[in-house]
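User: I am new to this structure and would like a close look at a single part of it. Please take the time to connect the details into one picture.

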Amino acid sequence: MIKFGLRLTLMGGREALARLILIVTAVALGTGMLLAIVAGINAATAQNDRTAWLSARGEKTASGSLWWRDRNDFYNGRELLRVDVAAVNSSAPVPPGVDRLPAPGEYYVSPALQKLLASEPAEQLAERFPGRKAGVLGRDAVPAPDDLIVLVGRTPSDLAGVTGAEQISAISTTAPESDAAAVQAVLGIVAVGLLFPILIFINSATRLAAARREQRFAAMRLVGATPRQISVVAAVESTVAAVIGTALGFALYAALRGPIASVPFTGAASYSDDVTLTLADGLLIGLGVPLAAAISSLFALRRVRISPLGVSRRVTPKPPRAWRVIPLMVGLAELAYFVGRRPATSEGQTNAYLGGILLVMFGLIIAGPWLTMAGARVLAARSSRTSTLIASRRLADNPKAAFRSVSGLVLALFVTTVAIGVITTMTADRKTESGTDDASRLQFYIEETDNSAPLPQVPGVVAVRVAEGGRYDTMMSCADLARVPSMGRCPAGAAVAQVQTAVLEPGTVWPAARMTVAEFERLPLAELFVPTDGSKAALERARTALENAFPDYVQSPKTERDLNSSFLKAMAVWEQVAGVIILASLPIAGCSLAVGVVGGLIERRRPFSLLRLSGAPLGMLRRVVAMESALPLLVVAAVAIGSGLLAAHLFLRSQLSISLRAPGTEYYLVVGIGLAVSLGLIASTLPLLRTLTGPASARNE
């Protein structure tokens, strides 16, 4: 029977060949995307593991053999991590990526920083690092190709007593739990957002022309084939297509490795050879997809195995019940429960929010058939057109089959709505809080250990000094304010003003301080501001000069935009995640829709042919097919979009205590394009009706 199954699959005529090609194509695309997701998760995990030495140290002890101090710096809007180390004795631990600690006056740099040092003027970057370059950090020490990292050698006396310096006995090899949880949350959302449409796509493909296969296998049962023989033939057909598609999927994955590496899932691109599969991953997918296809095929033919007449004696399936909306409501209720009850740990938050989103997605799949049936009944009650009544009746009779073809797109719209809703709101809220995104004025906080230092010789520097009294007051000279009107101004006749550095804005009139300029200049420094023309050269020269004037700084000089860099980086990650989900899931869902519509046409070619022979116009049949596909799409899409907006609002209220802002034009454009493309795919299948419903298709087969 295996040979017979192979013959039916490979030499069963044009229809069998077309079905084989469609299933192979679908499985190849689905498998390739599934492999890409797993490889992307592996790449992000490997990248996160390499951050361990940067973000977590071993046990801190006064007798530790290594002094350690890490600080964040900036260059041209990019974060630069600086680690100063000093060996106390010969047993000092050595970070990954180097064979020895840098000696005092030496430093190691990451490859990306080495390129910048070679191309940028020294006064803008290289002069921040004392001594000479000893070498380049190996890849084990650099999480991502574009990371800027410098490891600077110092003496123990340089770091002893400096704020932020600590003695450690070992360098950690495990990333912090919070970082790992954040990466898991991002990758979990990517996996959920893409995995569902892919699985639906593969399932739709393997079920292609299921009704016609049932008829053929039922005929084989009537001439003497046993249920076991039918099962073998069906398994061979599905497995052959799935094996070929899986093999092509691996080839597609190999072609996608480069583009996957460039996607910054964690805020930075990955190394291309990090985008890889483990042996277990390859075996699980390579064997699992054909096995799942065979099982799906056998399950679909359960009526044939029970009785060969089961295919002919079709009855209307039981209509879906209203209980199907309960999982959807439970998912939304779970998200609502955590409003005001946010879990304390990152892992708890990941489980709570991701679990709620996942439950809502399951709820949409379960509720979809009932929503389709309800929409069809409403449409039938309000319409008298023949095509609409036929489509509504068919949808009401079998809403599960109608919804199956659009389910992937519905999930894609839900995930897109949640992602864009959250990102849009967080970005708008942050802009409201900061009020400015100034990238031309450097701000530098002076530590108490340096506040008695003289004013550095940096062109245009403006000093803010502090007076200790009954309260903490910050002062600026009116001469400096007159030079920099963007920071406010003094009242007439004042020499020194009392200011609030958090709100230095143009037009603000600061109250006069009761002191002379001489008294002001004797006060300790609190902050320094350096207004520039906003050019990279001016900003980085001033930043380098300030850091050299205060080599033990804790917080590097930064602009308002630099202050927001962590937030902007996080938003960039989420925007990339949303972009990946949108760009990948919508086409996959569209393919599922096209396969579902084509499969429905193939299965109903004979009923449609009989309608044409009885006088039904071809245009009416096309309207029936379009209505059967468009109605469940639009009805459940509306519910998915509403659920997505509500889920985003509940997440924002729970996690950030802010309310959802209305999505911008970008969201409506994405949704509109997605729906328009989907309707276009439906329309593109309609010309097949003329070919599939010819007189020859009306005969018994």
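How are α22 and α23 oriented to each other, roughly parallel or roughly antiparallel, and why?

Analyst: Please keep in mind that this is a predicted model, in which local features are described where pLDDT is at least 70. Helix α22 covers residues 618-655 and helix α23 covers residues 665-685, and their axes come within 10 Å and cross at roughly 160 degrees. Angles over 145 degrees count as roughly antiparallel, and therefore α22 and α23 are roughly antiparallel to each other. As for its handedness, the crossing in which α22 passes α23 is right-handed.

The residues that meet can be followed helix by helix: α22 brings Ala626, Ser629, Ala630, Leu633, Ala637 and Ile641 to the contact, while α23 brings Tyr667, Val671, Leu675, Ser678, Leu679 and Ile682. Sorted by class, this contact of α22 with α23 holds ten nonpolar residues and two polar ones, with no charged residues.

For some context elsewhere in the chain, strand β2, residues 78-87, has seven of its ten residues buried, so β2 is largely enclosed by the rest of the structure. On one hand, β2 is joined by ten bridges to strand β1, residues 66-75, and these two run antiparallel, with Trp67 standing opposite Ala86 in β2. β1 and β2 form a hairpin with two residues between them, and Asn76 in the turn has a positive phi of about 55 degrees. On the other hand, six bridges join β2 to strand β5, residues 148-153, and this pair runs parallel, with Leu80 opposite Leu148 in β5.

Terms used: Residues are numbered from 1 along each chain as its sequence is written. This is a predicted model: local features need pLDDT of at least 70, side-chain atom pairs count only at pLDDT 80 or more; totals for chains, interfaces and linings use all residues. Side-chain values use heavy atoms; hydrogens and water are left out. Axes are lines fitted to C-alpha atoms, for helices over the stretch in contact, and angles run from 0 to 180 degrees between N-to-C directions. Helices (H or I, at least four residues) and strands (E, at least two) are DSSP runs, numbered from the N terminus. Angles under 35 degrees count as roughly parallel, over 145 as roughly antiparallel, 65 to 115 as roughly perpendicular and the rest as oblique. A crossing is left-handed if the near helix is turned anticlockwise from the far one by less than a right angle, and right-handed if clockwise. Contact means heavy atoms within 4.5 Å. Ala, Val, Leu, Ile, Met, Phe, Trp, Tyr, Cys and Pro count as nonpolar, Asp, Glu, Lys and Arg as charged, and the others, Gly among them, as polar. Buried means under 20% relative accessible area, exposed over 50%, partly exposed in between (1.4 Å probe, protein chains only). Two strands pair if DSSP finds at least two bridges between them.
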